Amino acid sequence: MSQYVIAIDQGTTSSRAIVFDHDGNIVSTGQLEHEQIFPKAGWVEHNATEIWNNTREVIGTALAQANLTRHDIVGVGITNQRETAVVWDKNTGVPVYNAIVWQDTRTQSIVDELAADGGVERFKAKVGLPLATYFSGTKIKWILDNVEGARAKAEAGDLLFGNTDSWVTWNLTGGTDGGVHITDVTNASRTLFMDLETLQWDDEILDIFGVPKSMMPAIKSSSEVYGHVHGSQLLREVPVAGILGDQQAATFGQAAFDAGEAKNTYGTGCFLIFNTGEEIVHSKNGLLTTLGYKLGDAAPHYALEGSIAVTGSLIQWLRDNIGMIKSAPEVEELAAAVEDNGGVYIVPAFSGLFAPYWRSDARGAIVGLTRFVNKNHIARAALEATAFQTREVLDAVNADSGVDLTELKVDGGMVANDALMQFQADILGVPVIRPKVTETTALGAAYAAGLAVGFWKDLGELSSNWSEDKRWEPNMDSAERDRQMRLWKKAVTKSMDWVDEDVR
């Protein structure tokens with residue numbers, strides 16, 4: 001009887017379940033989008049109950065599509081949108097508020113308050129992160145401070161917190177009926193609360209934020225058996241055995257297991273992760289220090305990360321907010337109709353600027369507009385914005401590591417766009433390589449679970465599954481590359497210093 005691993009990929013715009021075989025090939029998929037909730041400018045929320053209901057449904061779809069049952073599945077891996085905070089009542093299983101999404105900027109006043117004593121890098125030496133609205137910690141504090149009765153319940157030990165990996169795992173393993181309240185080191189490293197060296201919650205920082213430790217999930221490795229699916233569900237008794245935050249999962253799925261290896265994922269945002277091995281490297285160039293993965297009792301692997309808030313979601317904005325296109329693939333068609341961007345640059349600082357700037361006062365800008373410009377130029381500029389931002393992050397990685405990357409492995413939904421990938425290679429000046437299996441986020445979670453249950457024996461076996469699908473070689477001359485980057489950097493400065501006290 002053939003056996004498989006199922007990965008639950010709880011992402012920013014949808015939840016998916018993907019079944020993988022032993023060669024790392026996709027067998028079947030279920031996917032459902034969930035509502036994007038925007039109560040105010042800068043606020044982004046999800047309904048966590050909707051996410052859980054969708055998760056159950058996509059599991060059923062993936063199993064039915066391949067005519068599989070729980071007996072064919074050896075393990076469940078989970079990967080998730082990181083930093084999206086869920087706080088729920090452990091007695092009822094009901095969230096006390098919508099999940100606050102990683103893109104949300106409402107907590108800037110909390111960031112400012114905490115940074116008044118020691119600056120935004122107040123905790124960075126210990127947790128690897130600057131104070132920013134991006135991370136889970138400020139979101140928990142906001143919920144406790146603003147949701148009626150939440151703080152009293154939390155202090156009484158009745159509330160639990162988790163990124164969506166914890167929420168899905170708790171529900172999968174029983175919820176109010178003995179659900180396991182855990183997270184893995186990669187997700188824990190995105191809260192502002194985990195000490196990078198001890199891999200434990202830091203009591204002092206929790207106290208400064210006013211977050212009771214009883215809310216926090218137990219920190220586990222990325223690959224071990226955490227519990228089993230609860231008896232009333234389709235996957236009942238199947239071990240839940242792997243958890244990785246989405247960007248770390250994509251790195252793992254790309255088989256970038258060793259120091260010096262890197263990948264870039266093109267999704268809602270864009271995230272470049274550079275493996276630093278067992279060494280904690282503190283960035284001097286605007287990158288984050290984070291956990292790469294930890295397999296069971298083995299030593300943890302660390303990473304540098306360049307996080308870009310808006311890439312694929314810029315294309316969604318053109319579709320949903322502006323109505324310029326009806327579907328995402330139309331962007332490539334429009335962009336191909338012109339030779340260049342017509343002098344237009346789009347800086348999509350919808351949530352401020354993330355790496356390498358970390359400027360919460362920035363907002364989106366379109367610059368260089370003239371009467372010559374049409375929607376084709378704007379479409380091209382929207383695609384190019386992703387490549388320019390990636391170049392700036394890669395420059396920071398090269399500066400921090402002291403060794404220039406000679407190629408870039410890529411994955412995510414946008415890598416199907418040939419025009420974007422060619423421009424990416426051009427503006428980087430190095431080859432860009434796409435693997436045959438581009439669903440590397442789900443694959444990484446499947447790998448973590450499969451290793452824990454013995455479905456795969458070691459990392460070498462996983463590396464042998466990776467194969468190249470396509471590569472793009474740079475063909476832009478260096479003078480033009482430098483000119484483009486000069487103009488991009490000028491455009492970025494136009495997005496800064498926008499938010500005043502009375503503008504959010």
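## Basis of the description

Helices (H or I, at least four residues) and strands (E, at least two) are DSSP runs, numbered from the N terminus. By this numbering, T268 is placed in the loop between β13 and β14 (270-277). The structure is a predicted model, in which local features need pLDDT of at least 70 and side-chain atom pairs count only at pLDDT 80 or more, while totals for chains, interfaces and linings use all residues. Residues are numbered from 1 along each chain as its sequence is written, and side-chain values use heavy atoms, with hydrogens and water left out.

## The largest pocket

Grid points are joined across faces, edges and corners, and a volume is the space filled by probe spheres set on the points.

The largest pocket holds about 1,100 Å³ of space. Its lining comprises 42 residues, with Y266, G267, T268, G413 and M414 the closest to its centre. Elements that each supply at least two lining residues include β2 (14-20), β3 (26-33), α9 (246-253) and α14 (440-452), and the largest share, four residues, comes from α10. With Ala, Val, Leu, Ile, Met, Phe, Trp, Tyr, Cys and Pro counted as nonpolar, Asp, Glu, Lys and Arg as charged, and the others, Gly among them, as polar, this lining has 13 nonpolar, 18 polar and eleven charged residues.

## Annotated positions

In an unreviewed entry, UniProt lists T12, R16, T268, G312, G413 and N417 under "binding site". The lining of the largest pocket includes T12, R16, T268, G312, G413 and N417. UniProt positions are given in the numbering used here, feature names are shortened, and annotations may be inferred rather than shown by experiment.

The unreviewed entry also carries the annotation "domain: Carbohydrate kinase FGGY C-terminal" for residues 263-452. Over residues 263-452 the chain is 35% helix and 21% strand, and the end C-alpha atoms are 24 Å apart.

## The second largest pocket

About 700 Å³ of space lies in the second largest pocket. Among its 25 lining residues, F38, V44, W317, N321 and F350 lie nearest the centre. Helix α10 again gives the most to the lining, here with five residues. By class, there are seven nonpolar, twelve polar and six charged residues.

Two cavities of 30 Å³ or more are counted. The largest cavity has a volume of about 120 Å³; 17 residues line it, and I308, L353, F354, A355 and Q389 are the closest to its centre. Its lining has 14 nonpolar, two polar and one charged residues, with the largest share, three residues, coming from α12.

The second largest cavity, of about 60 Å³, has a lining of six nonpolar, four polar and no charged residues. Residues of this lining include Q248, T251 and F252, and α9 supplies the largest share, three residues.

## Packing of α12 and α13

The axes of α12 (residues 375-401) and α13 (residues 418-428) come within 9 Å and cross at roughly 35°; axes are lines fitted to C-alpha atoms, for helices over the stretch in contact, and angles run from 0 to 180 degrees between N-to-C directions. The crossing is right-handed, the near helix being turned clockwise from the far one by less than a right angle.

Contact means heavy atoms within 4.5 Å. Residues of α12 including L383, F388 and L394 meet a set in α13 that includes L420, F423 and I427. The contact residues divide into eight nonpolar, three polar and two charged.

How values were computed: On a 1 Å grid over the protein atoms alone, a cavity is a set of points where a 1.4 Å probe fits but cannot get out, and a pocket is an open set with protein on both sides within 12 Å along at least five of seven lines; lining residues have an atom within 4 Å of a point.
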